[in-house]
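Thanks for making the time this morning. I would like to walk you through one model, so please have a look at it on the screen before I go on.

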Amino acid sequence: MIKVQNLTKTFVSHIKEPGLKGSLKALVKREKKTKEALKSINLEIKQGEIIGLIGANGAGKTTLVKILSGIVHPTSGEATVLGFKPWERQNEYRKQMSLIMGQKAQVWWDLPALDSFLLLKEIYQIPDKIYKNNIEFLADTLMVKDQLRTQVRKLSLGERMKIELMAALLHRPQVIFMDEPTIGLDLSSQRAVREFMKNYQKEFKPITILTSHYMEDIKELCPRVVIIKEGEFVFDGALSQIQRLLGDEKCLSVTTKENTFKVNVPRTELSTKTAEIFKTNEVLDLNIHDPSIEDVIESIMKHGMNPK
Amino acid sequence: MKRYLRLYLYFLQFSFSKAMEFRVDFTFRILMDVIYFVVNILLFKVLFLHTDLIGGWTQEQMMVFVGSYLLVDSFNMTVFATNLWWFPSYINKGDLDYYLIRPVSPLFFLSLREFSANSLMNLLMSLAFFIYTLVSYSAPIGMGQLIGFILLLINGFLIYYCIQMLMVLPVFWTHSPRGFIDLFYSLGIAMERPDRIFKGWLRIFFTVVIPFSLIASYPAKYFIEGLDTAALIHVTLVSVTLWLVMLYVWKKALQSYSSASS
């Protein structure tokens, strides 16, 4: 169980005007700028629950994940995960927790995955038999059996992400933090990772917080969604609520000779609207995709769904 | 403890398989180390052509001292230096994250992960030279004298590590690319001089504030002429304090770690 009460985090940074002159000025006198990454946040997640944490870049998603995984100390407020204060970094807590960051690798670059896994086995003191079973199970379901003996830096991005997932789940964590695990992956790899997480969640029921920039990830995996904007939660509720709000909308990105624009269109009117656009404009490019996270958030703010 | 030993064996294993891959680097490093060695030994040899005593030590005694600091230095180069060299970039780029979530001391991980297999030859050479200086020592060597000497050298090695850490840790606040590690290497020359040449405030500086003289010079002095109780207490106090200060700064540093965002 995760319980967060009035959690606040402020970062202090210096402002520097551009150029050498600005640097000199900053050398003598520094103007401090504080940024509230999290503003008194409250959250409760039950055992076995998976939530999707979404928000624009810099909204505070990663900061929250880093506080809950014990990497960063909060400025004020309380948080307990499985009864532990994360930033006290007790081994009993760290043994049951795992963090996956799409942007940062945890396996050793110059070594085959199996070597890194051996080290993790030692770090987490995983018994031989469980270790063997886990490797087999994870490699099978992720379909990376043949990649385990290759140096990680020689693998493709998609394969590497699967290896990262394996590394993070070897010790069967009770709590999993996933920070943009599908970032930069091609569609089929994204799908594979999603599919895997779905089954894993069903089978082992860890507490999972997933942050993602892809609406698809959230739609597939998270029945509950929390939206964060400028350090505050603006929505905490069921995915179905968001979907109802958005209806079954698709987003059209159009590039014409004159300009580019975006329109949100209900799925049912997709063909008529597209035809209309083609008729009235000289279209150079047209993309049909899901509304972006930013669009979703904006839409929710506009429609004034009661923030919790 | 046993677990940490096993982890270290993995580090060794990984580092060796990595080092084998870069052969040019491997040979080049050995060449550089040999030059560094010869220069150090020759420096004192040349000085002794003109005088019989330096800082009260004869050539033979001086060689024990040279052997001592070369040994400590090569141990440091092999065990710690590579790790601490990368330390600032771990902090500035936020790569520390994955060390902090493991149920293992992050300090252990960060300081020991990379064993510099390239420097191993250097370590063996300095060890050989060190033993040679002892074997060719003309006065008889007592058992207690030898054990005390080695213990003090191990202590010196840990002091060397602590000082280095204290030069690197400010990176948590300054976010500079190297910390004060360059300062460390320039001040480090003090380790390669007998402590008798430092007088006044400079002496206080190098025996108390940044105790480079305690690393090799004091152990060598213990071996050659013995240290009185006051000096031994001095070494113990300074070493323990330094260690505690380092751990304290490390703790504070982690509290203010902001983890560069991804």
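This is a predicted model: local features need pLDDT of at least 70, side-chain atom pairs count only at pLDDT 80 or more; totals for chains, interfaces and linings use all residues.

Let me begin with strand β10 (residues 249–256) of chain A, which runs antiparallel to β11(A) and is joined to it by 7 bridges; helices (H or I, at least four residues) and strands (E, at least two) are DSSP runs, numbered from the N terminus. Residues are numbered from 1 along each chain as its sequence is written, while chains are lettered from A and ligands numbered from 1 in the order in which they are written.

Within that pairing, A:K250 has A:V265 of β11(A) as its bridge partner. The two strands belong to an open sheet of 3 strands, in the order β11-β10-β12 (chain A) with antiparallel pairing, where strands pair if DSSP finds at least two bridges between them. β11 (260–266) and β12 (283–289) of chain A are at the edges with a single partner strand each, so one side of each has no neighbour in the sheet. Helix α10 (residues 270–280) of chain A packs on this sheet and touches β10, β11 and β12 of chain A, contact meaning C-beta atoms, placed from the backbone, within 7 Å.

Turning to the contact between the chains, 28 residues come from chain A and 20 residues from chain B. On the side of chain A that touches chain B, α4(A) gives the most, with 6 residues.

Note on methods. Two residues are in contact if their C-beta atoms, placed from the backbone, lie within 7 Å. Axes are lines fitted to C-alpha atoms, for helices over the stretch in contact, and angles run from 0 to 180 degrees between N-to-C directions.
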